[in-house]
Amino acid sequence: MLIFDDPAFDEHHQGPGHPESPARLVAVRAALAGRPWIRRRGRPATVEELCTVHAPAYVDAVLATDGRPVVLDPDVSTSAGSVRAARRAAGAALDAADALVRGEPGFVLCRPPGHHATPDRAMGFCIFNNAALAAHRLTGRDGDGARRRVLVFDPDVHHGNGTQDIFWQRDDVLYVSLHRAPFYPGSGAETERGAGPGAGLTVNVELPAGAGDDVVLAAFFERALPAIEDFDPEYCVISAGYDALAGDPLGGMRLSIDGLCRMWAPIVAAVPTMAVLEGGYDPPLLGRAVAATADLLAGDATGRRGPPGVRRQPTAP
Ligand SMILES: [Zn+2]
């Protein structure tokens, strides 16, 4: 398994006391120390790559702020190193997608996170939508011409409005989110189901504040997993959020690490899967939880026989 990480991610600061802080990755690195996985750096995503899911005018506007602190959104303040970090996070997610096609699963330990970033707006601590960039890459739409079916599974406590927007009308990406509702950013009603060719391929599962393993797992197995099985994805990107865990300072939920792993497990066992870090704001808890889910991802990779696509035959070209 590959671990994508980059010192540039530590140069993104949203201000003193902000929960999306460099301390998060410091804790994750400590928790993963000793795991025998291959470490890879990020690399700057190209403008062309960023424009596969973002509007060119938005990409230009963000890149023009490189090297100076700005306020991109009420919830996205940057520092001198933020654009460099965001661009390398996106590049790492794209490289992880390419690696997954070659048969190597990976975990992208990126900052800033991405799932609130819409085609043309930074939101909710997010600048570029790393998971969406990876999912688009995995479809093959701009590459080898394949039209592979890709699942984005998002168990972050917040709805991934940006990812939903990006794939709203796509027939090759299933977006499945479990999130607290009502809660930030206010989207993610179960009536939001996609449109046009993407009708039915957005699945939102709303959870009440304070929900624990019993409520969350029942929702996952009764409503999310059947939709995933119907779609029969060839690849999966997990928008790896950990802020639904009990003890997270922002999430207000009671999911256990074991409960989170029980949602990842059937997906990882059935579909070649990569993970991209999203939320999770108690650093020691985040470290323990990333380690547990990364072990799961790596364990299945070790046991997998043959290249990806063996279990799920790719769509004929
Ligand atoms: Zn979140």
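**Entry 1: ground rules.** I am working with a predicted model, in which local features need pLDDT of at least 70, side-chain atom pairs count only at pLDDT 80 or more, and totals for chains, interfaces and linings use all residues. Residues are numbered from 1 along each chain as its sequence is written. Helices (H or I, at least four residues) and strands (E, at least two) are DSSP runs, numbered from the N terminus.

Entry 2: Eight strands make an open sheet with parallel pairing, in the order 2-1-5-10-9-6-7-8. Two strands count as paired if DSSP finds at least two bridges between them. Strand 2 (38-40) and strand 8 are at the edges with a single partner strand each, so one side of each has no neighbour in the sheet. On average, neighbouring strands are turned by 15° against each other, direction ignored.

I then checked two of the pairings. Strand 5 (residues 106-108) and strand 10 (residues 273-277) run parallel and are joined by two bridges. Here Val108 is opposite Val276 of strand 10. Strand 6 and strand 7 also pair in the parallel sense, over five bridges, and Val150 has Val173 in strand 7 as its bridge partner.

**Entry 3: strand 6.** Is this strand buried or exposed? I use C-beta atoms placed from the backbone: a residue is buried if 20 or more others lie within 10 Å of its own, exposed if 12 or fewer, and partly exposed in between. Five of the five residues of strand 6 are buried. Val150, Val152 and Asp154 point one way, while Leu151 and Phe153 point the other way.

Entry 4: For packing, two residues are in contact if their C-beta atoms, placed from the backbone, lie within 7 Å. Axes are lines fitted to C-alpha atoms, for helices over the stretch in contact, and angles run from 0 to 180 degrees between N-to-C directions. Helix 4 touches strand 1 (2-4), strand 2, strand 5, strand 9 (235-240) and strand 10, and its direction makes about 170° with that of strand 5. Helix 5 (residues 130-139) touches strand 5, strand 6, strand 7, strand 9 and strand 10, with an angle of about 180° to strand 9.

A nonpolar core is a set of buried Ala, Val, Leu, Ile, Met, Phe, Trp, Tyr and Cys residues joined through C-beta atoms within 7 Å. The largest one has 95 residues, and those with the most contacts inside it are Ala93, Ala96, Val108, Ala134, Val237 and Val276. Helix 4 (residues 82-101) gives the largest share of this core, 12 residues.

**Entry 5: helix 7.** Helix 7 (residues 213-231) has 19 residues and reaches 25 Å from its first C-alpha to its last, close to the 27 Å expected. The expected span is 1.5 Å times one less than the number of residues. A kink of about 35° is centred on Phe220; the bend at a residue is the angle between axes fitted to the seven residues ending there and the seven starting there. Which residues of helix 7 are buried? They are Val216, Phe220, Ala224 and Ile228. An α-helix has 3.6 residues a turn, so residues three or four places apart point the same way. The buried residues of helix 7 pack against strand 6 (150-154), strand 7 (173-180), strand 8 (202-207) and helix 8 (257-270). Just after helix 7, Asp232 has a positive phi of about 60°.

**Entry 6: helix 8.** The kink in helix 8 is about 30° and lies at Trp264, shortly before Pro266. Trp264 is also one of the buried residues of helix 8, with Gly259, Leu260, Met263, Ile267 and Val268.

**Entry 7: two loop residues.** Gly188 is in the loop between strand 7 and strand 8, and Ala195 lies in the loop between strand 7 and strand 8 too. Gly188 is buried, with 23 other C-beta atoms within 10 Å, whereas Ala195 counts as exposed with 12. The C-alpha atoms of Gly188 and His159 are separated by 5.7 Å, though the two are 29 residues apart along the chain. For Ala195 and Trp168, 27 residues apart in sequence, the C-alpha separation is 6.1 Å. Leaving aside neighbours within four places in sequence, Ala195 is in contact with Trp168 and Gln169.
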